[in-house]
Amino acid sequence: MGSRGRLGYDRVMDGYFGSYVLVAALLAIGVAIVAGALMANRLLRPSRPTPEKLTTYECGVDPVGEGWAQSQVRYYVFTYLYVVFAVDAVFLFPWATVFDAPGYGMSTLVEMFVFLGFIALGIVYAWRKRVLTWT
Amino acid sequence: MLDVVLSFAVILIVFLALPLIIGQTEHKVMAHMQSRLGPMYAGGFHGWAQLIADGVKFAQKEDVIPAAADRRIFMIAPGVALVPYLVVLIAIPIDRGRVAVDLDLGLFFVLAVMGVGVLGSIMAGWASANKYSVLGGMRSAAQLMSYELPLVLAASSVAMAAGTLSLPGIVEAWQWWWLPWQAIGGVVFFLAGLAELRRPPFDMPIAESEIIMGPMTEYTGMRFALFMLSEYAGIVVLSFLTTVLFLGGWHGPFLPGWLWTLIKVFVLAFVVIWLRVSYPRLREDQLQKLAWAGLVPLALVQLALTGVVKVLI
């Protein structure tokens, strides 16, 4: 531990937030890589837009109607399923690190089977409701 | 400080060089599996410079943004697809003590950031204002929904086994008998990861012969190249994660640890290529069914197995 400046650096970089400062730095590097690539592209490329070139691609014929066309989203039910289960799954992570700590053991194991039972029940329910088949 | 600079340099090399090496390997391996030669001219020796030539071509191509597109979202989508895969690498250990940042929440962080990458293709699909792209974007979204759950469940099984969420901590705790113990979880994790990358046989959202690359239909030049790079960076990240979580990372006899990590990563990348050549594309409903009726129950079985073994032994 030398001068005051060195101490200050350590305090920032070794703390809990210090590691996320590095994550932010890498994120900035990533953004810079993408920006640099696009900038190089801008310097090297020609730019000769024509109305034909800028039309929406639809296998060579003129586009019919709008691109944001209405369509039936068949998998919206999966979205509900996902939201329900993903919220459950998030609780798994903190639990996973402590479940076999001294003093827990058997009771957490039983709890885990209750949890698995709930998820399995949900999937069986979706199955019986024919959510997983399309026609 | 020097440590940080060094580990960032390693991350950048991994991020920029490995995808190209895997891409070239894919060219050649696919070609030979299909009794072709693959690229043979660029660079002279067995077409080794093919991807560099591709890059030079991409850099010079005109950047066409369709008049109907949502310009700003259309322009940033490739970046959103690519950058998360770089950020993920910060938490992945290459050798004992060789990790840029040992995050307490490593596993959670990695899964969360990887999920962001898929947003890129959903954004691209919607912003292109193209029917194929919208379909592709929707399919990407559906695929993310379905395969995120088995991915998370399989990953948390490893967290249970190791009792920590830190990736170096998990590798440190790893022992050889975890291979059979966590085998189901490993397969589920790898397949679900492949599906999140939309690699064949899970490439319904891209399906070039049906919806013409889906979200990427309208992209050209550099932006298209960034999407391609993100696909291969995704393979690198998925292979690294599977190695670290299920194959014991740097553990292995005789050779140095970082080399073991790299060998395992390349073997997994080879499997990714192999699967592409071997299996036909799954239909959209088959994809959903595989996730909900196949991988999720398997992941639950793995969780039960992990819990029972961990508590009783």
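Reply: Happy to! Let's begin with chain A, which has 4 helices and 0 strands. Keep in mind that this is a predicted model. Read from the N terminus on, the elements of chain A run α-α-α-α. Of the 135 residues in chain A, 15% are buried.

Now for the close look, in chain B. Two packed helices are described by the angle between their axes and the distance between the axes. Here the pair is helix α2 of chain B, residues 50–60, and helix α9 of chain B, residues 221–246. They pack at an angle of about 140°, and their axes are 6 Å apart. Therefore α2(B) and α9(B) count as oblique to each other, since roughly antiparallel begins over 145 degrees.

Which residues meet there? From α2(B) come Gly55(B), Phe58(B) and Ala59(B), and they meet Gly221(B), Met222(B), Phe224(B) and Ala225(B) in α9(B).

Arg198(B) counts as buried because it has 24 C-beta neighbours inside 10 Å, and the cut-off for buried is 20 or more. Leaving out residues up to four places away in sequence, Arg198(B) touches Ser140(B), Gln143(B), Asp203(B), Pro205(B) and Ile206(B). Arg198(B) also lies 9.3 Å from Val118(B), C-alpha to C-alpha, while the two are 80 residues apart in sequence.

Key:
Residues numbered from 1 in each chain as written. Chains lettered and ligands numbered in written order. Predicted model: local features only at pLDDT ≥ 70, side-chain atom pairs only at ≥ 80, totals over all residues. Axes fitted to C-alpha atoms, helices over the stretch in contact; angles between N-to-C directions. Helix = DSSP H or I, 4+ residues; strand = E, 2+ residues; numbered from the N terminus. Parallel < 35°, antiparallel > 145°, perpendicular 65-115°, else oblique. Contact = placed C-beta atoms within 7 Å. Buried ≥ 20, exposed ≤ 12 C-beta atoms within 10 Å, placed from the backbone.
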